[in-house]
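Here is a short briefing on one protein chain. Look at the sequence and the fold first, then work through the points below.

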Amino acid sequence: METILTERSPLGMHESMLLTRAYEEKLAALFAAGNFPMTCSSQGQEASAVGVVRALGPDDQILTNHRSAGHLIARGADPGRMIAEVMGKATGYCGGKSGTLHISVKELGVMLTSTIVGGELSLATGVALSKKMLKQPGIVACFFGDGAACEGIFHESLNLASVWNLPILYVCENNQWQAFVHRRETMVADHLSPRAASYGIASTTVDGNDANAVLKSALAAVEQIRQTGQPYLLETYTYRQKGHISFDDQAHVDPSELAHWLTLDPITRMERHLREIAGFTTGELAALRTKAQERIDAALEFARQSPYPDPSALTTDVYA
Ligand SMILES: Cc1ncc(C[n+]2csc(CCOP(=O)(O)OP(=O)(O)O)c2C)c(N)n1
Ligand SMILES: [Mg+2]
């Protein structure tokens, strides 16, 4: 497990991004074919996820939101158990009780997935306060969207984290969309990182489609949090390439905006890096994509073969 958690090479990050992409493409195809649960795709945001998650250490904890596949996979979650969870199977990470929107993986330090937009922000305050009071090692990473940053809970949480000196890495994935609403309709500014200054919190914005750049910024932020014990806000500027949720046909999306962001696709960019800097051939890069797809095929098969929970499990593990 430790090897995956700290696998920070461009190739290691690339494989995680490919696995996330293959996972989300597979789930989207299954939904389109009918009879498969809806999920929220993070396609296009893979670099933001892997760059931040791989900057963390084994003692660090993660709280995430409804677009969590990339965070989970980057942390080393098993796609088979993730698909099983989406399908409500007993082998899922939460025994099939959470589905895609509430998944947690205790052994990987993934405390929760919040589908209450911004919910993870206030809960991260509590997790970090607990860590601090109990003198436990590690920091807390909290992923949320630009929409969540437009809610009051964002301001209350950052204010308290600053006043109480809590070791939290806030990661705002500014993916330009808030469900079916464009960010421009709810925010005047393009960026969210400047908001941190009013709470005395350090912050920066990074190109969220460049995994190497995200890793570098996240490593610096994590180091600063470990040294000072104070929170930090990292904004990853990125784009959600697919609709808000499986059925969203993106009819409201400006085609030229989408086309522009597709040219900045994080996986294509990493392939260019691997080709130009590390000497990978086109054939080797294609083989990596195929390998990821085969892993997801096997994961789906595992989930399909898995049993549904026994009805007697209905009331277990629902409260701790
Ligand atoms: C408190 C709350 N309000 C509204 C919703 C419905 N909702 C689900 S996702 C979403 C948009 C969130 O946008 P953002 O925070 O930018 O995250 P993204 O979906 O872009 O990753 C909304 C409004 C919700 N789940 N919770
Ligand atoms: Mg958003």
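Start with one residue: Q250 is partly exposed because 15 other C-beta atoms lie within 10 Å. The scale is this: a residue is buried with 20 or more other C-beta atoms within 10 Å of its own, exposed with 12 or fewer, and partly exposed in between, with C-beta atoms placed from the backbone. This is a predicted model: local features need pLDDT of at least 70, side-chain atom pairs count only at pLDDT 80 or more, and totals for chains, interfaces and linings use all residues. Residues are numbered from 1 along each chain as its sequence is written, while chains are lettered from A and ligands numbered from 1 in the order in which they are written.

**Loop residues with positive phi**

- Q250 lies in the loop between β8 and α9 (255-262). Helices (H or I, at least four residues) and strands (E, at least two) are DSSP runs, numbered from the N terminus.
- The phi of Q250 is positive, about 60°, although Q250 is not a glycine.
- Q176 is not a glycine either, and its phi is positive at about 75°.
- Q176 sits in the loop between β4 and β5 (177-178). Q176 is partly exposed, because 19 other C-beta atoms lie within 10 Å.

**The sheet**

- Six strands make an open sheet with parallel pairing, in the order β2-β1-β3-β4-β8-β7. Two strands pair if DSSP finds at least two bridges between them.
- The edge strands are β2 (110-114) and β7 (202-207), and each pairs on one side only.
- Neighbouring strands of this sheet are turned by 15° against each other on average, direction ignored. Axes are lines fitted to C-alpha atoms, for helices over the stretch in contact, and angles run from 0 to 180 degrees between N-to-C directions.
- Strands β1 (residues 61-65) and β3 (residues 140-145) run parallel, joined by three bridges. L63 has C142 of β3 as its bridge partner.

**Strand β8**

- How many of the residues of β8 are buried? Six of its six are, and the strand is mostly covered.
- In a regular strand the side chains alternate between the two faces of the sheet.
- Both faces of β8 are covered: Y232, L234 and T236 are buried on one side, and L233, E235 and Y237 on the other.
- Six bridges join β8 to β4, and the two run parallel. Six bridges also pair β8 with β7 in the parallel sense.
- L234 of β8 is the bridge partner of V171. L234 is also the bridge partner of T204.

- The buried residues of α6 are E120, L121, A124, T125, V127, A128 and K131. Their cover includes β1, β2, β3, α7 (152-163) and β4.
- An α-helix has 3.6 residues a turn, so residues three or four places apart point the same way.
- After α6 comes K135, with a positive phi near 55°.

**Helix α3 against helix α8**

- Two packed helices are described by the angle between their axes and the distance between the axes.
- Helix α3 (residues 46-53) packs on helix α8 (residues 211-228) at an angle of about 35°, with the axes 8 Å apart.
- A47, S48, V50, G51 and V52 of α3 meet A211, V214, L215 and A218 of α8.

**Two more residues**

- V53 lies in helix α3. V53 counts as buried because it has 30 C-beta neighbours inside 10 Å.
- Leaving aside neighbours within four places in sequence, V53 is in contact with H71, A74 and R75.
- V53 and R8 are 45 residues apart in sequence, and their C-alpha atoms are 9.6 Å apart.
- T268 belongs to helix α10 (residues 266-278). T268 is partly exposed, with 13 other C-beta atoms within 10 Å.

Notes:
Contact = placed C-beta atoms within 7 Å.
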